[in-house]
Amino acid sequence: MNYTHPVYRPPFEANSLLLQVTAGCSHNKCAFCSMYRNVPFHVEQIEQIEKDLAEARLLYPQTRRVFLVSGDPFVLKADQLSRIAEKVKSHLPEVETIAMYGSIVNIASKSDEELKTLRSLNINDLNIGLESGLPSVVKDLHKGFTIEQAKMQIQRLTAAGFDFSLNIIIGAAGSTLWKANALASAKIVNELKPHLIFVAALHLEEDCELATRLQHGLFIENTLRENIEEEIVFLENLELNRTRFFAVHPSNAIPVDGFLPEDKGNLLNILKNGRDSIEEKWLNARNTSLVKGGEGTILLNSQRSDPSPYCPFPT
């Protein structure tokens with residue numbers, strides 16, 4: 001299987017076959033992200049995709065779920081995605097879902113009919129980085145869309161029959177706006193009704209813009225207490241039916257995972273009990289040590305005896 005390092009996937013796609021159709025990220029401007037900063041964006045040749053599918057057919061003939069990589073494969077034109085989906089069906093007929101990262105801008109580039117056609121080809125479960133419900137935060141993070149545009153495009157996606165997950169970053173608004181961020185994020189998530197919410201705390205690498213702001217005192221990050229409190233307020237204000245609340249990531253001090261509304265009380269208890277078990281000095285600390293390794297990154301180690309795309313290692 002052909003992969004351009006680094007390769008990322010959401011933690012909940014750990015059991016999906018990873019098929020590279022692009023490398024890098026077509027946007028590559030988010031202030032908090034350096035995942036693909038040094039990777040030029042390019043589209044994989046269809047011949048290489050077919051070669052990888054043929055290999056996957058030999059190794060994993062019963063594959064039921066494929067996750068297209070890298071950064072935002074939904075940027076591809078509808079006819080390109082349709083062709084890839086048809087190749088997947090030809091080589092791996094058991095596949096039920098072809099998922100991938102997508103952005104609001106990617107959705108906007110496709111007509112309603114194109115979205116319906118893509119959905120009919122088993123393309124589903126787009127993972128969308130909304131990050132926050134506060135317009136000012138989305139602007140400061142350089143997401144490339146507004147909150148109103150996000151609402152409009154995700155409503156179009158829903159009308160075409162897609163399921164989708166939304167990423168929310170705890171701490172994205174900083175220490176002075178953590179409660180407002182929690183409430184605004186809950187409000188828009190309630191409106192959009194994703195099938196999964198992927199919640200992670202802000203974690204910065206040295207070569208992203210927001211880290212530079214942090215180092216120059218232009219951004220004040222949450223304390224650990226504020227991160228936990230923000231997540232609690234966010235969860236308390238969610239009013240959803242059969243949505244998975246997935247907050248299992250190295251950045252989450254207290255990992256929780258469950259379905260809303262039935263698990264809401266238990267998840268809140270875990271967060272509150274976890275908060276109460278942590279010493280004050282840690283609760284009041286800020287994570288000023290910038291991290292290495294981002295969300296869902298996969299170590300492509302040539303020394304591994306089984307370099308299977310089913311065995312990713314998040315850092």
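Phe-198 and Phe-246 are both buried, where buried means under 20% relative accessible area, exposed over 50% and partly exposed anything in between, using a 1.4 Å probe and protein chains only. This is a predicted model, in which local features need pLDDT of at least 70 and side-chain atom pairs count only at pLDDT 80 or more, while totals for chains, interfaces and linings use all residues. Residues are numbered from 1 along each chain as its sequence is written, and side-chain values use heavy atoms, leaving out hydrogens and water.

Let's look at the rings. The structure holds seven aromatic pairs; rings of Phe, Tyr and Trp (its six-membered ring) pair if their centres lie within 6.5 Å, and planes under 30 degrees apart count as stacked, over 60 as edge-to-face and the rest as tilted. One of these pairs joins Phe-12 and Phe-198, edge-to-face, with 5.6 Å centre to centre and 90° between the planes. Phe-12 lies in the loop between β1 (7-8) and β2 (17-20) and Phe-198 in strand β9 (residues 196-201), so the pair ties together parts that are 186 residues apart in sequence. Strands here are DSSP runs (E, at least two residues), numbered from the N terminus. Phe-12 is partly exposed at 21% relative accessibility, whereas Phe-198 is buried at 3%.

Phe-198 also pairs with Phe-246: the ring centres are 5.8 Å apart and the planes meet at 65°, so this pair is edge-to-face. Because Phe-246 belongs to strand β10 (residues 243-247) and Phe-198 to strand β9, this pair ties together parts 48 residues apart in sequence. Phe-12, Phe-198 and Phe-246 form one aromatic cluster.

Lys-110 lies over the face of Phe-74, 4.5 Å from the ring centre, and the charged end of Arg-242 sits over the ring of Phe-259, 4.5 Å from its centre. To count, NZ of Lys or CZ of Arg must be within 6 Å of the ring centre and within 35 degrees of the ring normal.

Now for the cysteines. How many disulfides does the structure hold? It holds zero, a disulfide being a pair of cysteine sulfur atoms within 2.5 Å. The sulfur of Cys-25 is 6.6 Å from the closest cysteine sulfur, in Cys-30, so the two are too far apart for a bond. Cys-30 is in no disulfide either, as the nearest cysteine sulfur, that of Cys-33, is 6.0 Å away. Cys-25 is buried at 17% relative accessibility, and Cys-30 is buried at 12%.

Note on methods: Helices (H or I, at least four residues) and strands (E, at least two) are DSSP runs, numbered from the N terminus.
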